[in-house]
Amino acid sequence: MIPFSVLDLSIITRGAGPREAFRNTIDFAKLAENLGFHRYWLAEHHSMPGIASAATAILIGQVAGATTRIRVGSGGIMLPNHSPLVVAEQFGTLETLFPGRIDLGLGRAPGADQRTARALRRDPSAPDRFPEDVVELLHYFEPMAAEDTHLIRAIPGMGLRVPVWILGSSLFSAVLAAQLGLPYAFASHFAPAQMEEAIALYRSRFEPSERCARPHVMLTVNVIAADEEADGKRLATSLYQYFMALRCGRPIAFPRPVNDILSLWSAEEQALLEQTLAYTFAGSRESVTEHLKRFLERHKPDELMVAVPIHDQDCRKRSLEITARIKADVGLNHA
C-alpha cells in the first residue's frame with residue numbers, strides 16, 4: 001500500500017478571507033493526520049486571490065505546530081524567488097523545531113504572473129540558474145568541519161539533511177531530479193501533458209545518491225469525493241471555474257459550485273479544461289476508487305498526493321475521509 005499525502009494551497013473561498021483559509025488549513029491538516037495521511041504540503045503562490053499560502057515557510061511552521069506526527073513541507077518553494085541560503089535557514093529552523101517531520105520541495109516557476117515576479121525582485125535569469133541554486137542549497141544542509149571557518153554556513157540548517165524534492169511538470173525537472181539523485185514530484189493534477197514521458201525519463205536516468213538510493217516518484221491528482229456521484233461532480237465545478245478564470249488572466253477567490261457548468265462557457269472550452277484537469281477524479285467513493293486504481297496500476301507511483309479543491313470545508317473534510325477509505329480499498333485490491 002503506497003503512502004497517500006495531501007497538497008493544500010490554503011484556499012481562500014469566495015465570501016471569506018485569509019484568516020478563514022488558515023483556520024481551515026489547520027483543521028484540514030489535523031484531520032489528514034488523524035486519517036493516516038503521510039505528508040501535508042503547502043504551495044508558494046503570489047498575488048492570487050484564491051490562495052493564502054504565499055508565506056509558505058511560516059504556514060508550514062503553523063501546521064507542524066498544530067500536528068504531532070504527519071510530515072509537513074512545501075509543494076513547493078519556488079527557489080528562483082529566493083536566496084538558497086535564506087531557504088536553507090528557514091527550513092533548517094523548521095527542521096530544528098520539528099525534527100524528522102519537514103520536507104522541502106523545490107520548483108522553478110515563479111508561482112505568479114510576470115508583473116508579480118518583478119515585484120518579488122525576481123531576477124529574470126534566475127530560472128536558468130535553478131540547477132546551480134539547488135546544488136548550493138543542498139550544500140548548506142551538509143555538515144562542515146570546524147576548520148572551515150571561511151565557508152558560508154546555514155545556521156540553523158547545517159548538517160540537518162532536510163529531505164529535498166524536485167517538483168515539476170516538464171522534462172527539465174525530471175532530468176534534473178534524476179541527475180541529482182533526488183525524489184521527484186510531478187504536478188499531474190494541473191499539467192498532465194508530459195507526465196508519462198517525464199517519469200519514464202526520470203526513472204531511466206536516475207543516478208543513486210546518499211539522499212535517495214533509487215527512483216522515487218510522487219504523482220498528484222485532484223480528488224473530489226462525495227457520498228453521491230452527482231454531488232462529487234457538482235463540487236468539481238468550483239475547480240473548473242477557478243481554472244477558467246486563471247486561463248483568462250483573471251484569478252479569483254475559489255468559487256461556489258454551480259449546477260450547469262456548460263452555461264458558463266462553450267463545450268469546446270469545457271473539453272480543454274477537462275484535458276488540463278484530466279487527473280481530477282470526482283464522484284462517489286466507488287467511481288473515484290476505480291479511477292484511482294487504474295491510475296496507480298498504469299503509472300505505478302511510489303507515493304500519491306491528493307489535492308482536495310472544494311469550496312465548502314465540511315464537504316472538503318468529507319472528501320478526505322472518503323479518500324482515506326479509498327486508500328484502504330486500493331490497498332486491498334493490490335494485496
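Select helix H9 (residues 237-247) and look at its buried residues: Thr237, Ser238, Leu239, Tyr240, Gln241, Tyr242, Phe243, Met244 and Ala245. Here buried means under 20% relative accessible area, exposed means over 50%, and partly exposed covers what is in between (1.4 Å probe, protein chains only). Nine of the 11 residues of H9 are buried, so this helix is largely enclosed by the rest of the structure. The helix and strand labels are DSSP runs numbered from the N terminus, with H or I of at least four residues for helices and E of at least two for strands.

A word on the model before you move on. This is a predicted model, in which local features need pLDDT of at least 70 and side-chain atom pairs count only at pLDDT 80 or more, while totals for chains, interfaces and linings use all residues. Residues are numbered from 1 along each chain as its sequence is written, and side-chain values use heavy atoms, with hydrogens and water left out.

Now show what surrounds H9. Its buried residues pack against strand E7 (217-226), helix H8 (229-235), helix H10 (267-276) and strand E8 (280-284); contact means heavy atoms within 4.5 Å. After H9 comes Gly249, with a positive phi near 75 degrees.

Next stop: Thr25, in helix H1 (residues 18-34). Is Thr25 buried or exposed? With 1% relative accessibility, Thr25 counts as buried. Display its side chain together with that of Asp8, and you will find a polar contact of 2.8 Å between them. Such a contact is a pair of N or O atoms within 3.5 Å; within protein, one must be able to donate a hydrogen and the other to accept it, and residues adjacent in sequence count only if both atoms are side-chain atoms. Setting aside neighbours within four places in sequence, Thr25 touches Asp8, Ser10, Tyr40, Leu42 and Val63.

From there, step to Ser10, in the loop between strand E1 (4-8) and H1. Ser10 is not a glycine, yet its phi is positive, at about 50 degrees. This residue is buried, with a relative accessible area of 0%. Compare Ser47, in the loop between strand E2 (39-42) and helix H2 (56-66). Ser47 also has a positive phi without being a glycine, here about 60 degrees, but at 52% relative accessibility Ser47 counts as exposed.

You will find Pro156 in the loop between H5 and strand E5 (164-168).

Select H5 (residues 130-140) and H6 (residues 171-180): their axes come within 11 Å and cross at roughly 35 degrees. Axes are lines fitted to C-alpha atoms, for helices over the stretch in contact, and angles run from 0 to 180 degrees between N-to-C directions. Which residues of H5 and H6 make the contact? They are Phe130, Pro131, Val134 and Val135 of H5, with Phe172, Leu176 and Leu180 of H6.

Finally, zoom out. The protein has 12 helices and nine strands. Its C-alpha atoms fill a box of roughly 65 × 50 × 40 Å, taken along the principal axes. Colour by burial, and 54% of the 335 residues count as buried.
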